[in-house]
Each structure stands twice: as structure tokens, then as C-alpha cells.
Amino acid sequence: MRRLVFLLPIAIVAILVAIFWVGLDPERDKSVLPSALVGKTAPVVDLPGLADGAQRLTLGQFKGQLVAINFFASWCLPCRAEHPLLEQITAEFGVPVIGVAWKDKPEASRAFLQELGDPYVATGADRNGRTGIDFGITGVPETFLVGADGTVLYRFAGPLSPEGLRNELAPAIAEAKQ
Amino acid sequence: MRRALALLAVGWLAIAPALVQEALAQEAQLADPQLEQRARDLGREIRCVVCQSQSVADSDADIAQELRVLIREQIAAGRSDQEIRDYLVARYGDFVLFDPPFKASTYVLWIGPFAILVLAAIGVAIFFRRRVEEPARASELSADEHSRVKRLLHDGPEDRV
């Protein structure tokens, strides 16, 4: 019994070391915040359509199917870099991608899509960035998966790369489809 | 040369706060100075989510600016500071607050140091109590042991059998 008392401090230190070991993982990307939204119902999206005369973009239109939401902007260089991969999300995985032009002039977003191609099934203009804030984005680009029931399933912060698409987004899509 | 550098530094220090003020002045402010003060105080508690070591009030980032506008809007709409904090935490998580909340997942952070201090104090107390008790045990020796101690002190080590 007395022995156990002496072991107690060692046990406490061991537990603390374990906690800090996980918490201070040098591999951890400190710029990516844990999303507060995953597992919750997606925020309301109700934005003017980007194209001239397009109808308003709402998430309700896509109820009952798995969709990806991609926040982008014409002024954002990483968005340019990830752009070719967005088409793959639809082509390879059959998931439609909704575009939200975040804090961008509509004419600039339109020119951006005209130049690089339009991978989106529908696009809305979030001029004051409020929808982005509702999703808790820290910048553009960010990509979310929203399930058939309207629950946010996954968040990818930053530009998609071929590796990111294959190793992170693809498994998340596979899991969402189950 | 050194003097010129020092002068430059002093000059910069004098100008820098004015520049920050200028950035703030370009934004629409609340007409009521008391509400505006609340918005600024709140902005200092909220972490800028891209430039994470800066507060929303200090940051020039796009999103920080948008969050400042949002805080002002909500204050103007009559929301309380706590409601605005909750609004931001719902979107960005506790991380957005510079002052981490007291809840189950942060108990270790808040209580840990004090718990360790208390445990250490108890440990030290036990250690010293033992030391005080130790000499008293000498009287607990049996008569046989007493004579052996005496013999040892007098004659030196016993021969091993």
C-alpha cells in the first residue's frame, strides 16, 4: 500500500506527459483549427446566384444528396491552384460541388470561372462574407461535405492538392456515402 | 549613425499607434461612444482566426475586419457581450476566445497546477513529519537490540557468521 503512494507521482507525471505529448505534437498543423461545425446542421445558405439572372443559391435545393461546398475567391491564389481538382470531386466521386464566391466582386468571380472553367453545379455570391463566417472558415479556399440530411460531415481547410484529395477528402466522401 | 537610428525608432513608435488608429477610423464606427468602446473591448478578447496570435482588434486581416464589423452590428442590434461570444464560439469553437472557458475538457489546464502544488505540499509535510518521528523510534528497540547497539558502538563491526 505504501509503495503505491510512492508510485502516485510517477503515475501523475506519466499521465501529464501523455497529455502534452498529444497536445504538443510537432506534426500538428497549428493553423488549422478544429471545426466547431462538423456533426452539426449546416448553417443556412441563402445567397444571390453568381451568374446573371441565376436563381438564389440555397442548401435546401440539394436536400437529400451528399454535396461539397467550396468557398473560393478570384483574388485568392491557392484557389487557382486547387481549381482543376474541383471537377474531379464530381467526375470521380459523383459529388456535386456548390461554389460560394467569398468576399469577391461578382464580375471578378465570373471572370475567374470563365477563365478557369466552372466546376460548380450552382454558385452563390457571398459578398460580405457572412455565410463563410457562419461556416467558420478562416479564409479561402475551404471545402465542406454536407450530408443528405443537411449535417456538416467534413471540412477541408486550405487548397486541395492531389494528395489531399486522395488521402483526406476521398476517404471522407467514402465514409459519408455509407 | 546610432543617434539617427534611435531617432527613427522613436519616430516610428510615435507614428505606429496613429496608423493603427487610422485603420480603425476607416471602418464605420458606432455612434454611441460607449457601445463603440464595448465593441473594441470585445474585439480584444476575440482571436483572429488566421493570424492566431493577434486579436481581432489588432489584426489587419480581411476576416478580422469582417468580424469587427459583425461585432459592431450585433452590439448595435442590442446583443449582450456573452451572446456575441457564444455566436462566435458556435462557429469557430473555444479557440476563438483568448480566455479559455472553464469546462470539462479544460479542467486539467485550470486545476492542474494547483492540484500539483497541493500534492507536493502534502508530500513535503509527510516527509518532514516522518523525520520528526524517526528519533522517537529509538526507544522502541527491544532490550536485546539495545545491548547489541551498545556492543556495536563500543567494539566495532561484528564478525559475520
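Modeller: A residue is called buried when its relative accessible area is under 20%, exposed when over 50%, and partly exposed in between. Everything that follows is read from a predicted model.

Biologist: How is A:Thr143 classed, buried or exposed?

Modeller: A:Thr143 has 0% relative accessibility, so it counts as buried. This residue lies in strand β6 of chain A.

Biologist: Which residues is A:Thr143 in contact with, leaving aside its neighbours within four places in sequence?

Modeller: Contact is taken as heavy atoms within 4.5 Å. By that cut-off, A:Thr143 touches A:Ala68, A:Ile69, A:Asn70, A:Glu82, A:Tyr154, A:Arg155, A:Phe156 and A:Leu160. With A:Asn70 there is also a polar contact between the two side chains, at 3.0 Å.

Biologist: Which way do the residues of β6(A) point?

Modeller: In a regular strand, side chains alternate between the two faces of the sheet. Here A:Glu142, A:Phe144 and A:Val146 point one way from β6(A), while A:Thr143 and A:Leu145 point the other way. Five of the five residues of β6(A) are buried.

Biologist: Which strands pair with β6(A), and in what sense?

Modeller: β6(A) pairs with strand β7 (residues 152-157) of chain A in the antiparallel sense, over five bridges. A:Thr143 stands opposite A:Phe156 in that strand. The hairpin of β6(A) and β7(A) has five residues between the strands, and A:Gly150 takes a positive phi near 85° there. Five bridges also join β6(A) to β3(A), again antiparallel. In that pairing, A:Ala68 stands opposite A:Leu145.

Biologist: Why is β3(A) said to be largely enclosed?

Modeller: Strand β3 (residues 67-72) of chain A has six of its six residues buried, so the rest of the structure largely encloses it. One side carries A:Val67, A:Ile69 and A:Phe71, and the other A:Ala68, A:Asn70 and A:Phe72.

Biologist: What joins β3(A) to β4(A)?

Modeller: Five bridges do, and the two strands run parallel. A:Phe71 has A:Val100 as its bridge partner in β4(A). With helix α2 (residues 77-93) of chain A, these strands make a right-handed β-α-β unit.

Biologist: How many disulfides does a search of the whole structure find?

Modeller: A disulfide is a pair of cysteine sulfur atoms within 2.5 Å. The search finds one over all chains. Its partners are A:Cys76 and A:Cys79, with sulfur atoms 2.1 Å apart. The torsion about their S-S bond is about 90°, so the disulfide is right-handed. A:Cys76 is buried at a relative accessible area of 3%, and A:Cys79 is buried at 1%.

Biologist: Where does A:Arg110 lie?

Modeller: A:Arg110 lies in helix α3 (residues 106-116) of chain A and, at 27% relative accessibility, counts as partly exposed. A:Arg110 and A:Leu50 are 60 residues apart in sequence, yet 7.1 Å apart in space, C-alpha to C-alpha. Leaving aside neighbours within four places in sequence, A:Arg110 is in contact with A:Leu50, A:Ala51 and A:Asp52.

Biologist: What span should helix α3 of chain B have?

Modeller: At 1.5 Å a residue, the 15 residues of α3(B) (residues 62-76) should span 21 Å, and the end C-alpha atoms are 21 Å apart, which agrees. An α-helix has 3.6 residues a turn, so residues three or four places apart point the same way. Among the buried residues of α3(B) are B:Ile63, B:Leu67, B:Leu70 and B:Gln74. B:Gly78 follows the helix, with a positive phi near 90°.

Definitions and conventions. Residues numbered from 1 in each chain as written. Chains lettered and ligands numbered in written order. Predicted model: local features only at pLDDT ≥ 70, side-chain atom pairs only at ≥ 80, totals over all residues. Heavy atoms only, no water. Buried < 20%, exposed > 50% of the residue type's maximum accessible area, 1.4 Å probe, protein only. Helix = DSSP H or I, 4+ residues; strand = E, 2+ residues; numbered from the N terminus. Pairing = 2+ DSSP bridges. Right-handed = clockwise from strand over helix to strand, strands pointing away. Expected span 1.5 Å × (residues − 1). Polar contact = N/O pair within 3.5 Å; in protein donor to acceptor, adjacent residues only side chain to side chain.
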